Amino acid sequence: FERYVDHDLKVGNIRILFREMGLKDWTPERVLKEVRHQKGRVPDGIVSVRDFLVVIEFENVLKAKSRYKEFFDTYGRNADYFFVIVIVFEGIKEWLLEMDYNPAQVWFVEYDKLIDRREKALLENKHESFEFERLLK
């Protein structure tokens, strides 16, 4: 139970932070399931960034590789989504960076660094990195 409460509170923090950075068009997981009737693995949110859809997934607990493979196959190789941003804790990020995903589309950022550095937080994958603010311009 605590894990889910912590997850939901942190997703709320991310949504508030995104709103403060001008990313106000956020569709939460609940709406994706109930209103859009998305089935299977549903992300924590989808946000519109300059008219492009960006999948947001927050991971506070390491899960099986098969779960991440399914997620990357569903969203990280999907032309409907411009980017997939996975927000993680440091220990999880290093493990995920080495997985098989589309590095042109899937990016990782550490939760604590995103909250602290905001627009200056680094989005990274196994090939490169850039500051979050580049998405906002």
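Predicted model: local features only at pLDDT ≥ 70, side-chain atom pairs only at ≥ 80, totals over all residues.
Helices (H or I, at least four residues) and strands (E, at least two) are DSSP runs, numbered from the N terminus. Residues are numbered from 1 along each chain as its sequence is written, and side-chain values use heavy atoms, with hydrogens and water left out.

Pockets were examined next. Rolling a probe the size of a water molecule over the atoms shows where empty space is left. The search used a 1 Å grid over the protein atoms alone; a pocket is an open set of points where a 1.4 Å probe fits, with protein on both sides within 12 Å along at least five of seven lines. Lining residues have an atom within 4 Å of a point. Grid points are joined across faces, edges and corners, and a volume is the space filled by probe spheres set on the points.

The largest pocket holds about 290 Å³ of space. Its lining counts 17 residues, and Y4, H7, R41, K63 and R67 lie nearest the centre. Two or more lining residues come from each of α1 (2–20), α2 (29–34) and β3 (52–58). Helix α1 gives the most, with 4 residues. By class, the lining has 4 nonpolar, 3 polar and 10 charged residues. Here Ala, Val, Leu, Ile, Met, Phe, Trp, Tyr, Cys and Pro count as nonpolar, Asp, Glu, Lys and Arg as charged, and the others, Gly among them, as polar.

The second largest pocket holds about 210 Å³. Among its lining residues are H7, D8, W26, E29 and D44. At least two residues each are supplied by α1, β1 (26–28) and α2. The largest share, 5 residues, comes from α1. The lining divides into 3 nonpolar, 2 polar and 7 charged residues.

Strand pairing was then traced. Two strands pair if DSSP finds at least two bridges between them. Strand β2 (residues 45–49) runs antiparallel to β3, and 5 bridges join them. In this pairing, S48 stands opposite L53 of β3. The two strands form a hairpin with 2 residues between them. Strand β3 is also joined to β4 by 5 bridges, but these two run parallel. Here I56 has I85 in β4 as its bridge partner. Of the 7 residues of β3, 5 are buried. Buried means under 20% relative accessible area, exposed over 50%, and partly exposed in between (1.4 Å probe, protein chains only).

Helix α4 (residues 90–97) has the buried residues I92, K93, L96 and L97. They lie on the same side of α4, because they cover an arc of only 130 degrees around the axis. The arc is that of the directions from the helix axis to the C-beta atoms. An α-helix has 3.6 residues a turn, so residues three or four places apart point the same way. The cover over the buried residues of α4 includes α3 (65–75), β4 (83–88), β5 (106–110) and β6 (122–124). Contact means heavy atoms within 4.5 Å.

Most residues other than glycine have a negative phi. R50, in the loop between β2 and β3, has a positive phi near 50 degrees. R50 is partly exposed, at 45% relative accessible area. R118 also has a positive phi, of about 50 degrees, although it is not a glycine. R118 lies in the loop between α5 (111–117) and β6. With 26% relative accessibility, R118 is partly exposed.
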